[in-house]
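Thanks for making the time, everyone.

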Amino acid sequence: MAENVLQSGTHIARYDAVEKSDGVFEAQVFVRLTREPEIAETFIPAGLFGSQAEALEGARERAARSLKEQEF
């Protein structure tokens, strides 16, 4: 699974798609300040999708929204 990152000023949103045991993909978003370690990330669920491509797109959109709306 490839890691994807968006950055806005001092904040980072990392997103990914994880395949679950039932074959669906969970879109995941993690946000934090750039100066904080990854352990300080906040998890934002972004939904379940039928394919990895759909999950990555959903996660990317949710990550962009979290940065725009400053959800940290």
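Predicted model: local features only at pLDDT ≥ 70, side-chain atom pairs only at ≥ 80, totals over all residues.

Residues are numbered from 1 along each chain as its sequence is written, and side-chain values use heavy atoms, with hydrogens and water left out.

Is Ala 63 buried or exposed? At 0% relative accessibility it counts as buried, where buried means under 20% relative accessible area, exposed means over 50% and partly exposed is in between, with a 1.4 Å probe and protein chains only. Leaving aside residues up to four places away in sequence, Ala 63 touches Leu 6, Ala 13, Tyr 15 and Val 29, a contact being heavy atoms within 4.5 Å. Ala 63 and Arg 14 are 49 residues apart in sequence, yet their C-alpha atoms are 7.1 Å apart in space.

Now to the sheet. It is an open sheet of four strands in the order S1-S2-S3-S4, with antiparallel pairing, and two strands are taken to pair if DSSP finds at least two bridges between them. Strand S1 (4–8) and strand S4 (42–49) stand at the edges with a single partner strand each, so one side of each is left without a neighbour in the sheet. From one strand to the next the twist averages 20°. Helix H1, residues 52–68, packs on this sheet and touches S1, S2, S3 and S4, its direction making about 160° with that of S2; axes are lines fitted to C-alpha atoms, for helices over the stretch in contact, and angles run from 0 to 180 degrees between N-to-C directions.

Taking the pairings in turn, S1 and S2 are joined in the antiparallel sense over five bridges, with Leu 6 opposite Ala 13 in S2. These two strands form a hairpin with two residues between them, and Gly 9 in the turn has a positive phi of about 60°. Strand S2 (residues 11–19) and strand S3 (residues 25–33) pair over nine bridges, again antiparallel, and here Glu 19 stands opposite Phe 25 in S3.

What about aromatic pairs? The count comes to one, under a rule by which rings of Phe, Tyr and Trp (its six-membered ring) pair if their centres lie within 6.5 Å, with planes under 30 degrees apart counted as stacked, over 60 as edge-to-face and the rest as tilted. The rings of Phe 30 and Phe 43 have centres 5.3 Å apart and planes at 45°, so the pair is tilted. Phe 30 lies in strand S3 and Phe 43 in strand S4, so the pair ties together parts that are 13 residues apart in sequence. Phe 43 itself counts as partly exposed, at 40% relative accessibility.

Glu 41 is buried, with a relative accessible area of 15%, and, not counting residues up to four places away in sequence, it touches Arg 14, Phe 30, Val 31 and Arg 32.
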